[in-house]
Amino acid sequence: MNKPLRRASVFSLLLVMTLLVWITYVQLARGASLRDNAHNSRVAISEYAGPLGDILAGGERVTGSAATQGNLKYKRTYPDGKLWAPVTGYASQSYGSTQLEALERQVLDGSDSRLKNPLQALTRERSKPGDVITTIDPAVQKAAYRGLGNKTGAAVAIDPTTGAVLALVSTPSYDPGTFAGSSSADQKAWNALQKDRKQPMLNRALRQTYPPGSTFKVVVAAAALENGLYSSVDEPTKSPDPYRLPGTVTDMHNESSSAPCENATIRTALQYSCNTVFAKMAVDLGQSKVAAQAKKLGFGDSALDIPVRAAKSVYPSGMNDSQTALSGMGQFDVTATPLQMAMVSSAVANDGKLMTPYEVDRTTDGSASALDHASARTYSRAMSQHTASELRSAMRTVVDQGTGANAKIPGVAVGGKTGTAQHGANNSANPYAWFMSYADAGGGHKVAVAVVVEDSDAARADISGGGLAGPIAKAMMKAALP
């Protein structure tokens, strides 16, 4: 072979080798990023080439698929989208997916390797999609949604013995089906939702935090009993009325001047929601002990996935004594999601053991065989059985004789705590109305609930946790119990 030909051959071989190395690099190192790139239209074409699997609740399919025109042959449908959006999230040809639609995407679109038989694994053929079976009870979900109605707020229900989430509602809600496609109408619907000041796409049950107000008094009471500050909910506390905030000349008063709050027991203090008792109690305990109790109940957890990530609920640090006093009544910088306060009630109902909340029971393949199955997991030993029993008793008094009377269910043991949390500078805005509760119908049938009403058409003087949120919680508990 002459020298020019040999050089040309070597150069051509080097080019081929370079090309092979580059292809290998692209496939191995950059394949995933290119495949997942939002601008890769082939991904969307493949994803929507056939019907997606469905998300189910109580055996009911809450999602579907419909044939369309064009390259994207199918789009997601939502038969009752507003009811289920806080659970499902959305799947849109134009705007991607969120929540369960995103987290369980590979099962729903058939790309999960567990769905493939050996031949499909070899040929990379897409399998028949699987389904996602949630823990949500449609009756409880509907009761919460109807109860909230046109109010702005959220509601969560949990099975205390397992942690299974039975309801997850946020209002106002939105219909994911209105922008599931890629038409101009879908774009118009999306833009309208983005501009809506009421933020219907915000999942208030998981992603919005509020001052929990007087519902947080249950956490402070748990800390007092756990740390031996008081031995029972019927032991008198050392609580002046009014109570001067430490280091200030400001006296704290209670909502009702006639309430028997001076040196009240924890039972009476919860019954009448005595601010002075729990403010003093938080100072006597010190913020570190209250913080430790709050942490056992889920506060401060920035990685709580159910599997959708919940916002972190906060019990603040670095407070002075007067700020610690305010934190004892769920104010200052204390914040909590509705999920978090349902977890507090759940721990009380479950003898002090807090179970990790979850909303997916199992995923299945195209033949309804389980791919995986959730199991109940302990989040923490949040409090002793004795403390939990004491708190259940005191919370029952709140419902039987106190501010939570609207949550009574004949023949069922119901305990609760109301809350009316200040909102806005100098409490200038309408307060948030809270109600957290548990119900025990016997035979292992229990439910824990938290409801917050952020805004309603009620006059300011008529806003209360027992009045606005209590009836919603009652409806949810009745729906959950046999």
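This is a predicted model: local features need pLDDT of at least 70, side-chain atom pairs count only at pLDDT 80 or more; totals for chains, interfaces and linings use all residues.
Me: How much of the chain is buried?
Reply: Of the 482 residues, 50% are buried. Buried means under 20% relative accessible area, exposed means over 50%, and partly exposed lies in between (1.4 Å probe, protein chains only).

Me: And which share of the contacts joins residues at least 24 apart?
Reply: The share is 67%, taken among contacts between residues at least 6 apart in sequence. A contact means heavy atoms within 4.5 Å.

Me: Changing topic, how many disulfides does the count come to?
Reply: The count comes to one disulfide, where a disulfide is a pair of cysteine sulfur atoms within 2.5 Å. Cys-261 and Cys-274 form this link, with their sulfur atoms 2.1 Å apart. Cys-261 sits in the loop between strand 11 (251-252) and helix 12 (266-272), whereas Cys-274 sits in the loop between helix 12 and helix 13 (275-285), 13 residues apart.

Me: Is that link left-handed or right-handed? Are the two cysteines buried or exposed?
Reply: The link of Cys-261 and Cys-274 is left-handed, with -75 degrees about the S-S bond. Both Cys-261 and Cys-274 are buried.

Me: What about Asn-263, where does that residue lie?
Reply: Asn-263 lies in the loop between strand 11 and helix 12. Its phi is near 55 degrees, a positive value in a residue other than glycine. Asn-263 counts as partly exposed because its relative accessibility is 37%.

Me: What is the phi of Phe-332?
Reply: Phe-332 has a positive phi of about 55 degrees, although it is not a glycine. Phe-332 lies in the loop between helix 15 and helix 16 (338-349), and its relative accessible area of 31% makes it partly exposed.

Me: Which peptide bond to Pro-172 is cis?
Reply: The bond from Thr-171 to Pro-172 is cis, with omega near -5 degrees. Pro-172 is in the loop between strand 9 (165-171) and helix 9 (184-195). A cis peptide bond also joins Ile-306 and Pro-307, with omega about 10 degrees. Pro-307 is found in the loop between helix 14 (287-296) and helix 15 (321-327).

Me: Why does Ser-92 count as buried?
Reply: Ser-92 counts as buried because its relative accessibility is 3%. Ser-92 lies in strand 5 (residues 91-92).

Me: What does the side chain of Ser-92 reach?
Reply: The side chain of Ser-92 reaches the backbone nitrogen of Ser-94 at 3.1 Å and the backbone oxygen of Phe-179 at 2.7 Å. Not counting residues up to four places away in sequence, Ser-92 touches Tyr-48, Phe-179, Ala-180 and Gly-181.

Me: Lastly, how do strand 13 and strand 14 run?
Reply: Strand 13 (residues 360-364) and strand 14 (residues 370-373) run antiparallel and are joined by three bridges. Thr-364 has Ala-370 as its bridge partner in strand 14. Five residues stand between the strands of this hairpin, where Ala-368 takes a positive phi near 70 degrees.

Terms used
Residues are numbered from 1 along each chain as its sequence is written. Side-chain values use heavy atoms; hydrogens and water are left out. Helices (H or I, at least four residues) and strands (E, at least two) are DSSP runs, numbered from the N terminus. A polar contact is a pair of N or O atoms within 3.5 Å; within protein, one must be able to donate a hydrogen and the other to accept it, and residues adjacent in sequence count only if both atoms are side-chain atoms. Two strands pair if DSSP finds at least two bridges between them.
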